[in-house]
Amino acid sequence: MTFAGWALILGFTAILLLLTKPVGAWLFALYEGRRTPLHLVLGPVERGFYKLAGIDPDAEQSWRRYALHMLLFNFVLMAFTYAVLRLQGVLPGNPQGLAGLSPHLAFNTAVSFTTNTNWQSYGGESTMSNLSQMLGLTIHNFLSAATGIALAFALFRGFARRSTATIGNFWADATRVTLYLLLPACILYTLFLIASGVPQTMAGVVDVTTLEGAKQSLLLGPVASQEAIKMLGTNGGGFFNANSAHPFENPTALTNLVQMLSIFVVGFGLTWTFGKAVGNTRQGWAILSAMVILFLAGVTVTYWQEAAGNPVLHGLGVAGGNMEGKEVRFGIAASALFSVVTTAASCGAVNAMHDSFTALGGMIPLFNMQLGEVVIGGVGAGIYGFLLFAILAVFVAGLMVGRTPEYVGKKIEAREVKLAVLAIAVLPLMILGLAALSSVLEQGLAGPLNKGPHGFSEILYAFTSAVANNGSAFAGLTANTPYYNGLLGVAMWVGRFFIIVPMLAIAGSLASKKYVPESAGSFPTTGPLWVGLLVGIVLILGGLTFLPSLALGPIADHLAMIRGQLS
Amino acid sequence: MNKDITSALRPAIVMTLLFAALLGIAYPFAMTGLGQLLFPTQANGSLIRDRAGTVIGSSVVGQAFASDRYFRTRPSAAGKGYDGLASSGSNLGPASQALVDRVKADVTAQRAAGVAAPLPADLVTASGSGLDPDLSPAAALTQAPRIAKVRGLSEPAVRALVARHTETSLLGDPHVNVLALNRALDQLGR
């Protein structure tokens, strides 16, 4: 570990803390449906969309109706992308002349991008035409992110509103977030990326005669426009197979820093928006503090392990940290940091191959996802996931000290706790169940590239990534098979919507409650005690279930690595 | 409930089509137009051409170098090495026999070429993309004696060239772009 490495990590965190309030305030304006300067240009677009689609943006929706419209929209979007991918061979915008995708791969990919997962069972450059990248995939990067933020708004309203049956309008939330936040930010971001060396063209392959006279083909395309929303919307699906490790996606150390910042910035901002929505910004800062503590703890472990390097290679006369799967222009610190950021959020972009990390260095990305990606988390999904833990935390605190559980002015009762547990239980059930199944079935065991415990880690990582809607991979796993494509597709769908629906039910239930003013009997939810309790609850309820599986995978792998036991 | 679903279907379908037109067509095409106008070199892949106009590479993407006359790039898992249509890391785990076999072979070759241990890690490890354009300065310097000998240059001159091409950044590690370095080497002659 170096001073420069730590300066990068802490400087990165400091920049985000400075951005939290301005970004949160902008999001709050959208949450409230206030007019922004951008309405001057994009207001007519917004109104035109509503008019053509027959939407009344002021029509308040119950949680059931909100959920129904959200689900139906996502279903139609998914079907649309499935069709685009299947028909790729006959559609224009295909300079490489690529064929349509197989049914199982098109299904997996359509679910993957709809659920903000962006798991990729394919290599972008050899599978996707320019049109598929834009029309099939880029739109999801915007709309799955907008859906996530809309859902967070709905839950905020549940806490903020009193004695009402409604939690907002899904169409208004999703459209405003897309038009007044994601799209304009991505236009500027794309220009920055192009200026830094990310291609943006409708052309395809360029043939190169290298300095030594050999042939090399380079693929160009509309990379920058997709890269921007891939990061800002915590999607993570790369234009190229190597994702943000590819020099055309992430050419410099500066683009790398901006990419990491853009993964987190909306998640940081939303904690402030939450605090503002419930009338006390300290509530937001308390949540953010717990998240940042968990985040920095993860970075410390991964950076330490990667900088320490691989003892097996040291034995062969190789010096320094673990550079297998890493790019020189980023180095150890910026690669370790990126891996923790991308899995703390539900991004899943990678600038280094997690499969080749040291055993414990690679365990942190895995563990981050198993916690439910609530350490900052995906746009919207992070904060609503974390609020589920907050509900459980006040419940646990109430049990310990014999106080009625309350949170930001709402009584937390049996219904909310049951729904929160239901949502949180989806993760261990799906991840462990499907990983266990795949570790005994022949079709499952055909997947891993590596043998021994690391092979198990590849399987466990895949299902963790799918259920948690992350999308990063221990990419040695051969996942483009009917078995993995099908099962991972189901895992992604369940991991997204089986959490969202109970969460919306909680929002509806909370909105209907009266406001309970803070009293001497209330458990304070702003100070260090509360932050500590939140960290503990996330680790114990979120993490403990997974420890046995981690012992079989990364921890066994680590022991093999330090003993030089190869497999 | 059935009535609810039918009434939600129209916005779902219409909004899908409208957003597809805006985000899937208008946005990327507009960005392509702007990018081509403002930053044509970068938007088209930062390509480098020789005097005859042949494209010899991209300033941001790595390419393979095999001969003794050039600084060699890192091992690559992209296709058969530096395949621009198959970017990939090796994805081998830290205690993998295949990884150890590969690294051992490379270490042996380096030793045979007279490079003393310990070796800089990036010299014998595959990058994440398989298209890493860079080497660490230390990895480049291990090759300086060979280059100097083959080209009949003085070793300090080669080392100075590496130093001149070393880029430092607060945000990442120091690195040398190998294609730029090798072109500079050709300009030195011999």
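In this predicted model, L179(B) is found in helix α7 of chain B, which spans residues 178–188; helices (H or I, at least four residues) and strands (E, at least two) are DSSP runs, numbered from the N terminus. Residues are numbered from 1 along each chain as its sequence is written, and chains are lettered from A and ligands numbered from 1 in the order in which they are written. Because the model is predicted, local features need pLDDT of at least 70 and side-chain atom pairs count only at pLDDT 80 or more, whereas totals for chains, interfaces and linings use all residues.

L179(B) counts as buried because it has 24 C-beta neighbours inside 10 Å, a residue being buried if 20 or more other C-beta atoms lie within 10 Å of its own, exposed if 12 or fewer, and partly exposed in between, with C-beta atoms placed from the backbone. The C-alpha atoms of L179(B) and P94(B), which are 85 residues apart along the chain, are separated by 30 Å.

Helix α7(B) packs on a sheet of chain B, touching β4 and β6, and its direction makes about 60° with that of β6(B); axes are lines fitted to C-alpha atoms, for helices over the stretch in contact, and angles run from 0 to 180 degrees between N-to-C directions. The sheet is open and has 3 strands in the order β4-β6-β5 of chain B, with antiparallel pairing, two strands being paired if DSSP finds at least two bridges between them. Strands β4 and β5 (166–167) of chain B stand at the edges, each with a single partner strand, so one side of each is left without a neighbour in the sheet. Between β4(B) and β6(B), the latter comprising residues 175–177, there are 2 bridges in the antiparallel sense, and the bridge partner of L135(B) in β6(B) is V176(B). Elsewhere in chain B, strand β1 (residues 47–49) pairs with β2(B) over 3 bridges, again in the antiparallel sense, with I48(B) standing opposite G57(B) in β2(B). The hairpin of β1(B) and β2(B) has 5 residues between the strands, and within this hairpin G53(B) takes a positive phi near 90°.

A positive phi, of about 60°, is also found at N91(B), although this residue is not a glycine. N91(B) lies in the loop between β2 (55–58) and α3 (97–112) of chain B and counts as buried, because 24 C-beta neighbours lie inside 10 Å.

Chain B is divided into domain 1 (2–43) and domain 2 (47–188), with bounds that come from an automatic or database domain assignment. The centres of these two domains, taken over C-alpha atoms, are separated by 41 Å. Over residues 12–39 of chain B, the chain is 96% helix and 0% strand, and the end C-alpha atoms are 38 Å apart.

The contact between the chains takes 93 residues from chain B and 101 residues from chain A. On the side of chain B that touches chain A, α1(B) gives the most, with 25 residues, and the residues of this side divide into 52 nonpolar, 33 polar and 8 charged; Ala, Val, Leu, Ile, Met, Phe, Trp, Tyr, Cys and Pro count as nonpolar, Asp, Glu, Lys and Arg as charged, and the others, Gly among them, as polar. Strand β3 (residues 318–319) of chain A is joined to β3(B) by 2 bridges, the strands running parallel, and A319(A) stands opposite P120(B) in β3(B).

Within chain A, strands β1 (residues 205–209) and β2 (residues 215–219) pair in the antiparallel sense over 5 bridges, with V206(A) opposite L218(A) in β2(A). In the hairpin of β1(A) and β2(A), G213(A) takes a positive phi near 90°. V408(A), in the loop between β4 (406–407) and β5 (410–411) of chain A, has a positive phi of about 40° although it is not a glycine.

Conventions:
Contact = placed C-beta atoms within 7 Å.
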